Amino acid sequence: MYPKWLWPIFALPGVVWLILLFLTPFYAVVGVAFGGVDPIFQNPLPAWNPLDWDFTSFLDTLSGFLPGRTYWGIFLRTAEYVGIALAISLIVGYPVAYYITRHSGRMKSLLLALLILPFWVSYLMRMLAWVNLFAPEGYVNAFLRWTTLVTTPPDWLNGNPVSVILGLAYGYIPYLILPLLASLDRIDKSLLEAARDLGASPFRAFLHVTLPLSKTGILGASVIIALPMFGDYYTPNIVSGSPKTSMLGNQIEIYFHGGPQPSVGAALTLILSAFLGVLMAYYMFTVAKAQREAQA
Amino acid sequence: MTEIALKARHSAPPTALRRFRDWLANPWGRPRFLVLVTWLYILTSIAPVIIAIQFSFNSGRSVTAWQGFSLSRWYWGDPVDSVWHDPTLQQALFQSLKLAGLDMLVATPLGVILALGLARWRGRLAAPANFLMLFPLVTPELVMGVSLYLVILYLFTFIHPSTLAQMLGHVTFSLSYVVVIVRGRLFSIGRQYEEAAADLGATPWETLRLVLLPLLLPAILSSLMIVFAISIDDFVISQWLSCGAQCDTVPIRIYSATRAAPLPSVNALAAIMVYFTVTALGLTYLVYRFMTRHERPKGGGAAASMMGDIGGM
């Protein structure tokens with residue numbers, strides 16, 4: 001009923017926009033990472049022609065990720081922080097998502113509304129709230145002193161890895177719970193009933209039916225929050241600000257904003273993207289598959 | 001465990017701890033452990049924000065110790081440090097709203113036609129275009145920030161770091177959200193209405209304007225809301241494309257303030273943004289409910305279907 005050329009024309013402006021302002025910028029990172037450096041001013045000379053690419057400085061940066069080299073420690077720390085924060089998020093988020101899909105009954109709408117409330121408060125605002133609470137004279141330390149269990153409460157905000165990990169978990173849990181909830185919601189309840197009819201205890205039914213069926217959901221939700229966590233630099237800066245807790249993102253930011261070598265920063269960005277590309281590919285593959293199933 | 005040991009365990013006087021454990025793990029009623037975790041989580045996710053807003057009403061200069069209530073001091077009362085009188089805070093507020101407005105104005109129409117195009121275009125390039133559209137959703141903001149920064153520094157040198165650059169960045173990352181929301185609605189309304197219109201003699205243009213557009217309005221409204229929220233929320237892209245103090249947005253101000261010695265005026269600034277978003281959300285909900293009043297969603301009211309629109313990703 002519509003002319004055939006109408007849809008490509010509709011898609012055109014958006015696609016052009018994404019090519020110009022999403023793909024081309026990424027190419028700029030590649031160009032700077034594989035380009036040269038001005039010998040006098042040390043500023044990058046990007047190479048736009050792939051034939052002019054010079055990989056020496058990039059490989060130099062890449063070798064910094066070998067065990068014991070420049071970036072090895074920071075890479076390990078980033079992985080450790082993200083890993084622990086992800087584990088905390090799952091341990092807290094899974095029961096919450098599970099409860100809301102299975103047992104909340106009439107409370108479901110209210111709980112869902114409360115659950116998406118953090119989405120409407122900016123991330124930085126939530127971090128500000130976090131910092132206010134954990135300040136030396138803040139409520140958390142006041143509470144610790146009140147319990148008299150702790151006489152000298154810890155200094156949370158100066159290079160304390162615990163605060164960085166908790167901050168990350170606090171910041172990203174909402175983004176984990178919603179997709180998890182959606183995937184738990186899709187599990188066919190009759191399968192659970194069958195398991196119970198056949199004599200499985202509630203716990204065994206959960207272990208052998210719900211948990212395996214939610215595996216894709218868990219992986220997908222984990223990827224969704226692991227990606228921004230790996231690229232996070234503001235959370236450690238806000239809750240700690242110390243080089244002792246800096247992550248890969250902080251290293252990249254320093255090369256651009258503090259240090260003199262944007263090309264090293266570009267190389268690091270490229271390495272980070274390649275590393276995350278694996279996670280992204282996995283995620284987009286599952287999304288595409290789900291979409292095909294939904295359309296079929 | 002032997003019979004006797006079991007008996008002994010059961011006859012032991014229940015301690016408070018035992019009773020709490022039994023209450024928590026009662027196998028017959030509702031799963032209280034889950035109830036506890038859920039409400040604790042919700043409490044810890046919301047309480048800090050409430051406390052932060054509370055401190056925007058502190059009458060003293062502390063953001064950690066309560067010194068009495070003052071409604072207006074940090075909003076407009078204080079002649080130097082309040083949001084209204086501190087030029088950096090006021091400027092950040094307007095910059096955030098300006099960017100969000102521009103973003104809504106550009107990303108929503110662009111995203112709507114892109115969604116239509118991508119959902120119905122069956123050409124050979126449609127699949128790669130769809131794939132490209134999904135990328136901004138999963139790319140870490142830092143990577144996007146760095147690449148946009150480098151591209152305006154070395155390639156598109158006519159766009160300097162500026163409000164314009166920030167706006168372009170915001171549109172780039174919000175576009176895909178609009179597409180996902182609108183496409184979800186497109187699939188759920190199907191094509192029968194348009195086919196009916198065409199059968200009744202409507203031209204393609206009339207079908208688009210008089211049938212499809214009104215049907216898409218709820219999704220467009222949700223998109224406007226989401227674009228507003230994610231633009232207000234954004235820190236990374238705004239920071240990388242910032243032209244300095246003149247381009248500071250609210251998140252950037254909060255960021256720099258937390259690392260110095262913050263005053264409650266920063267809390268007030270952040271709180272104002274929360275008021276804005278909550279009001280916008282409430283208004284959107286009301287309009288949405290009005291628009292979809294003739295639809296009978298399967299289970300759940302307007303809130304549920306609005307969330308269905310939004311939660312499409």
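Chain B is built from 14 helices and has zero strands, where helices are DSSP runs of H or I with at least four residues and strands are runs of E with at least two, numbered from the N terminus. The model is a predicted one, in which local features need pLDDT of at least 70 and side-chain atom pairs count only at pLDDT 80 or more, while totals for chains, interfaces and linings use all residues. Residues are numbered from 1 along each chain as its sequence is written, and chains are lettered from A and ligands numbered from 1 in the order in which they are written.

Chain A, in turn, has 13 helices and two strands, and its C-alpha trace spans about 75 × 75 × 35 Å along the principal axes. Of the 296 residues in chain A, 44% are buried; for chain B, with 313 residues, the share is 42%. Here a residue is buried if 20 or more other C-beta atoms lie within 10 Å of its own, exposed if 12 or fewer do, and partly exposed in between, with C-beta atoms placed from the backbone.

Next comes the meeting of the two chains. The contact takes 76 residues from chain A and 74 residues from chain B. On the chain A side, helix H1 (residues 6-33) gives the largest share, 17 residues. That side divides into 61 nonpolar, 13 polar and two charged residues, with Ala, Val, Leu, Ile, Met, Phe, Trp, Tyr, Cys and Pro counted as nonpolar, Asp, Glu, Lys and Arg as charged, and the others, Gly among them, as polar.

The domain assignment of chain B gives domain 1 (3-74) and domain 2 (87-310), with bounds that come from an automatic or database assignment. Eight residues of domain 1 are in contact with nine residues of domain 2. Helix H3 (residues 32-55) of chain B gives the most to the domain 1 side, with three residues, and that side holds five nonpolar, two polar and one charged residue.

Leaving aside neighbours within four places in sequence, A:Leu128 is in contact with B:Ala52, B:Ile254, B:Thr258, B:Val266, B:Asn267 and B:Ala270.

Helix H7 (residues 141-154) of chain B has 14 residues and reaches 20 Å from its first C-alpha to its last, close to the 20 Å expected at 1.5 Å a residue; the expected span is 1.5 Å times one less than the number of residues. Twelve of the 14 residues of H7(B) are buried, so this helix is largely enclosed by the rest of the structure. B:Glu141, B:Gly145 and B:Tyr149 are among those buried residues.

B:Leu216 is found in helix H10 (residues 204-233) of chain B and counts as buried because it has 20 C-beta neighbours inside 10 Å. Beyond neighbours within four places in sequence, B:Leu216 is in contact with B:Val112, B:Val182 and B:Arg185. B:Leu216 and B:Leu186 are 30 residues apart in sequence and 7.3 Å apart in space, C-alpha to C-alpha.

Note on methods. Contact = placed C-beta atoms within 7 Å.
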